[in-house]
Amino acid sequence: MSKTYMRKEIRLSGSGGQGLILAGIILARAAVQERYRVAQSQSYGPESRGGASRADVIISNDDIHFPEATHFDVLLALTQESCDKYLFDLKDKGILIADTTGVKNIALDSSNIYELPFTDIAAEKLGTILPTNILSLAFLVRKTGLVSEASLRKGIEQSVKPHYIKLNLKAMKLGFKLADDYGKTD
Amino acid sequence: MKNQPQKTVHSYLRHNKKFPHVWCAGCSNGIVLGALIRAVDELGLGRDDVAMVSGIGCSSRMPVYVDFNTLHTIHGRAIPFATGVKLHKPHLNVIVVTGDGDCTAIGGNHFIHACRRNLDLTIVVVNNNIYGMTGGQFSPTTPTGDIATTSPHGNIDPVFDICDLAIGAGATFVARSTAFHSLESEEFIKRGLEHKGMSVIEIVSACPVIYGRLNKKGGAPEMMKQMRDNSIPVKALDKLPPEKTKGKLVRGILKHVEKDEYTLRYQRLVDSLKQEESK
Amino acid sequence: MPKKTTKKTTKKTEELDSIVLMQGNEAVARGAVDAGVNFFAGYPITPSTEIAEILSRELPLRGAAFIQMEDEIASICAIIGASLAGAKAMTATSGPGFSLMQEAIGYAKITETPCVVVNVMRAGPSTGLPTSPSQGDIMQSRWGSHGDAPAIVLYPDSVKESYELAIRAVNLSEKYRTCVVLLLDEVLGHMREAVRLPDLRKHRVINRIKPTVPPEWYKHYDENQKYLSPVASFGEGYRFHVTGLAHDATGFPTGRPAEVADMMARLKKKITSNIRDLVQIESFHMEDAKIAIFAAGITARSAKSAVMMARAEGLKVGLLRPLTIWPFPDDAVRKMLKNVETVIVAELNQGQFLREIARLIKDKDDSDIVPVRRVDGELITPAQILRIIKEVN
């Protein structure tokens, strides 16, 4: 039985402390739930807070040899710096999701760009900017269909500390809603 | 009849191995080794239960001659090697033999951290104020102004007080004696072995062939006399007028407190985790 | 019918639960525990720290020792001391710490004391790029310690293999009574991959051979056919002597040329007489290859991607990947490269494997050995290798 080779490259980028590596781990765990092969890697500077940070997730139905993302199917950019740095490595039909709280200019016109002030929304609707990573990841998952809601939920439950699960699931739900409502006028 | 100490010492040596030994005539190392063996013997410690660990230097050659579990390691690192031995087999009596250079220069960091942990090691520092094996370079305990092959114009470095260093770093048993006071040295080593925790016993000793000659200290007998005349027991410190104690080497048990020992603390941690698990 | 469905679902769920996302460093720590490591001493350093963190949690639960030492020198000395007292001992570090450990690695080798040093390589020299990958320590892992002693160095390329080679490193150290180095890439140490837990349960553990002779007959470095002699531990009644000085078979220092020569021969032969047991090499699409890539660790993964891309275009390319890099797989490499026209040596350094390949294939012109190097803290990409493949094709 032959299957078409599938390899999706996802880069989550921003700065240290925004929880991007955790978001990468959650996405990877969610993909494991769907029996994909996954490789999750990261690059970061010496800072625990601030500095450039990125997490890559490769999802495939076959062996993953090279473990890093070079041409992205999906790019999440939470800061202007990361957006500028990685924008041009998006595939032609690649999807960009930008947090306009931090990203003010996007040097690309494409129908595959989604812009929302995720950080501001988290502060306003969730009372804290901490789950911005999950909020934007959920948005990403809904828009790309990479994994199901159930898998993402499981990924979150397996990855965050028990007393944060509730908050993060709330963020997930909000992320899905934002995705469903995106582009709709009131 | 009192047992014959000579015979006792003799019975612990590896006669058929590496004799004659490497030490010069008049060196204090033999006296210190004798004191150490008598201390072990008097406590009745089984030879299988003693591990003797050393670094590099004249005094660090001691282990090879003695019928214990013996470990001659690399320069300055005897204490971390001993830490590994002790932590894996806490029932062993682990003795570290080290010199002033081995212990307080290259090995200074290990020394202070072992003191801080209060691991149950007995560290005998043979302080002869010089690097003997390499031919007479100044060490952290060579007196300021003294001559060494790397301080031909007189040493400008201030010195370490090994006992102060050990006390400051948290050792729980600290004592000092000299090679002249061999019975006192034996007593302190014995007390150190009995003490559950980090014991540091500094034994000031003579290197007549190198340090003595470079600094015109006379031969071995003269240097022994100097140890006798230039040191006072700590107990006499308060009783004598200041002019009689000034510049004298203070001998005695300088610190002795009981504190939680490292392997016991570790065992307690293991036990508490086990208890938690069984709940 | 419904019953069947339920059963199937349960089995499916169980199977799914057995797949976990695991980090390379975690796999090493897990491998260490499963290999029976019961003593770890270490000092924090990026990017190896997770190994110490995990073992600080796991070892006390098993009644085994974990100690954080004051530096890397102390760490390796402590594991050698513990090993002499009978422990299966390991430390983990990265570049700067690995440099500090070199003297004591030589001590473990001359005293034939089993221990494992994990070096999660980062970009150097000096502090370099602490969170970036490099393969700069290939030669250091072989020649880093002064003097002249052989080395056993293993080098995985995946999370699962990190687990397997961690166990193998411990096994080989016990079997050959030496310090075995496990090299890991920064990317691999921090990377997470899905691993099937049942795959992590098939392993065998080798323990050192204990002496059966009475203490007076015991020689710490006894000769036997395979240069692997039984070894006693401190506190077991054998009261042997261990020294970093040149020594005879009993362990006591010697300066006699014949005895020193024996000691050196013994250190060498226990490796050279057991090459078949020590060497592991993966051959990937080499059957009909005209172009061969030689790469190890994380770079081999870039190479595998490049091979697949090239094969899709009809190019006959293969990959040779050593899992044991020292002793170097001379015979295997010679044999496998015999029929290829060009060898591409891809590595994250200025050309360390390249020297070995050049040494082995003297029949080829220099132009037939093509280096792909990268030393900027980034990985060699499959595209970079593919470009070279097309150039040389």
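How many residues does the contact take from chain C and from chain A? It takes 19 residues from chain C and 19 residues from chain A, where contact means that the C-beta atoms of two residues, placed from the backbone, lie within 7 Å.

Before clicking on, know that this is a predicted model: local features need pLDDT of at least 70 and side-chain atom pairs count only at pLDDT 80 or more, while totals for chains, interfaces and linings use all residues. Residues are numbered from 1 along each chain as its sequence is written, and chains are lettered from A and ligands numbered from 1 in the order in which they are written.

**Stop 1: chain C against chain A**

Select β1 (19-23), α8 (186-190), β8 (192-196) and α11 (297-312) of chain C; each supplies at least two residues of the side that touches chain A. Helices (H or I, at least four residues) and strands (E, at least two) are DSSP runs, numbered from the N terminus. Zoom in on α11(C), which gives the most to this side, with five residues. Color the side of chain C that touches chain A by class and you get ten nonpolar, five polar and four charged residues. For that coloring, Ala, Val, Leu, Ile, Met, Phe, Trp, Tyr, Cys and Pro are nonpolar, Asp, Glu, Lys and Arg are charged, and the others, Gly among them, are polar.

Strands pair if DSSP finds at least two bridges between them. Pick Gln40(A), and you'll find its bridge partner, Arg192(C), in β8(C).

**Stop 2: chain B against chain C**

Here 34 residues of chain B are in contact with 35 residues of chain C. On the chain B side, select β2 (69-72), α3 (78-88), α5 (108-117) and α11 (262-278), which give two or more residues each. α3(B) gives the most, with eight residues. The side of chain B that touches chain C divides into 16 nonpolar, ten polar and eight charged residues.

Next, show β2(B) with β9 (residues 241-243) of chain C: they pair in the parallel sense over three bridges. Leu71(B) stands opposite Val242(C).

**Stop 3: two helices in chain A**

Finish with α5 (residues 149-159) and α6 (residues 162-181) of chain A, packed at an angle of about 150° with their axes 10 Å apart. α5(A) and α6(A) are therefore roughly antiparallel, the word for angles over 145 degrees. Show side chains: residues of α5(A), including Leu152(A) and Ile156(A), meet residues of α6(A), including Leu169(A) and Met172(A). By class, this contact has six nonpolar, one polar and three charged residues.

Definitions and conventions. Axes fitted to C-alpha atoms, helices over the stretch in contact; angles between N-to-C directions. Parallel < 35°, antiparallel > 145°, perpendicular 65-115°, else oblique.
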